[in-house]
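User: I would like to learn how to read a few features of a structure. Please show me the case first, then take me through it.

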Amino acid sequence: MIKHVFSQLGESFYSFTQVQPLLEQRLVEFNHQLADELGIDIKDKALKSLLSGKFHDPLSLSMVYAGHQFGGFSPQLGDGRGILLGEIETENGLVDLHLKGAGLTPYSRRGDGRAVLRSCIREYLAAEAMTALGIPSSRSLCLFDSNQAVYRERPEPGAMLLRTAKTHIRFGHFEFFYYRKQMESLQILIDYTIDQYFPHCRAGDNPIKCMLIEIVESTARMIAHWQSVGFQHGVMNTDNMSILGETIDYGPYGFMENYDPRWIANHSDHEGRYTLENQPSVGLWNLNCLMRAFSHHLSKDELIEVLGHYEPELMRQYRLLTYKKLGLTLVDESDESYDVDFVRKLYVLLKKESLDYTLFFRALSNMASPSDYSIILDDVVDRVSMSKWLDLYVDKRQKETVDWNDSKIEMLKINPKFILRNYLAQQVIQEAEQGNYLPFRRLLYVLQAPFSEHVECEDLSLRPPEWAKDLEVSCSS
Ligand code: AMP
Ligand code: MG
């Protein structure tokens, strides 16, 4: 079942590394739905062996890469606690199997090579939640817990997460070879990446430029999606950016609750470098770093031209998503049909009223008729201003939709009822640490279908209670 395609590149790109299982490791969750989607046969011998915790494979490896972290360049990073077990062949191409928390690797630096149950649960849930929201992401295939203590601010149970992603090649992979002036290796990596992931680019006269434009555009779309659901990655370093525009490496992320684009999800991000409002420009900054690694391959003008694809693609996607959330359609994708001022007025109100971003859009979707303002106004202090905005809104929506209910149905498919709130993650983590995974599964269940009502799980849609308002998450994971 498992192939070893990346391993054929040679040992400048990785170190062969064996998984070091945890003490009394137990499989506690397996994602049957994902296994089905990937066409993995659960009776397959190799899979069974993985699930029983037998990972021995001479070709498993930890990748080496570099990265710009919080603005500064780290010339050598790499999988400090993650092992690429190999790839599986699916209908849609190769998919990586990657085990996080698998023990020390040559790139562990001062780390212990481990991950704690808390962070594995957070990643498991986030990856599945993002996928269900329609956002490209790594996926969670299974979770192991253990009786091994791993020391962070306190001793915590160690765990491992087996995840899938189209690739684990990051911007930082290219930076690693470029800054070391290893041009031959850089060329090998470029050729590999084009052949594996952008083979259609070979048909044109400039395959590298073609690939880079696609990387720029998929990154732009991914970030537009993040903005539209209020997802803050928290550690947008270039070593955490996939070249295929998938969200990877979930750490101290957060989904915005009270509307505040300046809220800092990552408690270790003292300057607020990675706030929601900064994500679009950080994406471009990161792409700039990536372009530099190609400065021997493309001219400065060409690289600037490639980067020029970023903003229009991000804005196009963002506007489309924002209008869809409002039940409006863009007549064409040009600037003129998008009413910037109208949308800005809404955001000003959301901020002023400290409204929950998700619940506001869900309520807007649930307006029973054009005059049903109460569903919105009940939570609002400045009702006059909000009513004025609703007048504009209802007018716009009625002008373009024949049937109020039809647009309501569409809105309920894009405005989730459930997002992964930090306090909910915290609650299920505490239970899981006591060996009770039922709350985790219940939360996972609603996050995998966040647009459904799930009336029996109403509690999982609510704003945080008083005790949870100041929950903090940091890089320690
Ligand atoms: P992250 O911020 O999780 O993306 O990690 C940045 C780098 O540190 C990556 O190369 C990780 O593999 C590595 N790393 C993070 N945590 C640990 C750990 N506990 N042990 C070893 N390496 C780690
Ligand atoms: Mg990382």
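User: Is leucine 307 buried or exposed, and what is its relative accessible area?

Analyst: Buried means under 20% relative accessible area, exposed means over 50%, and partly exposed lies in between (1.4 Å probe, protein chains only). Leucine 307 has a relative accessible area of 15%, so it is buried. This is a predicted model: local features need pLDDT of at least 70, side-chain atom pairs count only at pLDDT 80 or more, and totals for chains, interfaces and linings use all residues. Side-chain values use heavy atoms, without hydrogens and water, and residues are numbered from 1 along each chain as its sequence is written.

User: Where is leucine 307 found, and which residues is it in contact with?

Analyst: Leucine 307 sits in helix H8 (residues 300-307). Helices are DSSP runs of H or I, at least four residues, and strands are runs of E, at least two; both are numbered from the N terminus. Contact means heavy atoms within 4.5 Å. Leaving aside neighbours within four places in sequence, leucine 307 touches Val216, Leu284, Leu287, Asn288 and Met291.

User: How do I read two packed helices?

Analyst: Use the angle between their axes and the distance between the axes. Axes are lines fitted to C-alpha atoms, for helices over the stretch in contact, and angles run from 0 to 180 degrees between N-to-C directions. Here H4 (residues 171-179) and H5 (residues 183-197) pack at about 155 degrees, with axes 7 Å apart. Under 35 degrees counts as roughly parallel, over 145 as roughly antiparallel, 65 to 115 as roughly perpendicular, and the rest as oblique. H4 and H5 are therefore roughly antiparallel.

User: Which residues of H4 and H5 meet?

Analyst: His173, Phe174, Phe177 and Tyr178 in H4 meet residues of H5, including Leu186, Leu189 and Ile190.

User: How do I read a pair of aromatic rings?

Analyst: Take the distance of the centres and the angle of the planes. Rings of Phe, Tyr and Trp (its six-membered ring) pair if their centres lie within 6.5 Å; planes under 30 degrees apart count as stacked, over 60 as edge-to-face, and the rest as tilted. The count here is 27 aromatic pairs. Phenylalanine 73 and tyrosine 179 are tilted, at 4.3 Å centre to centre and 40 degrees between the planes. Phenylalanine 73 lies in strand S6 (residues 72-74) and tyrosine 179 in helix H4, 106 residues apart. Phenylalanine 73 is partly exposed at 29%, and tyrosine 179 is partly exposed at 32%.

User: What kind of pair do phenylalanine 342 and tryptophan 389 form?

Analyst: They are stacked: 5.1 Å centre to centre, 10 degrees between the planes. Phenylalanine 342 is buried, at 2%. Tryptophan 389 is buried, at 2%.

Conventions
Chains lettered and ligands numbered in written order.
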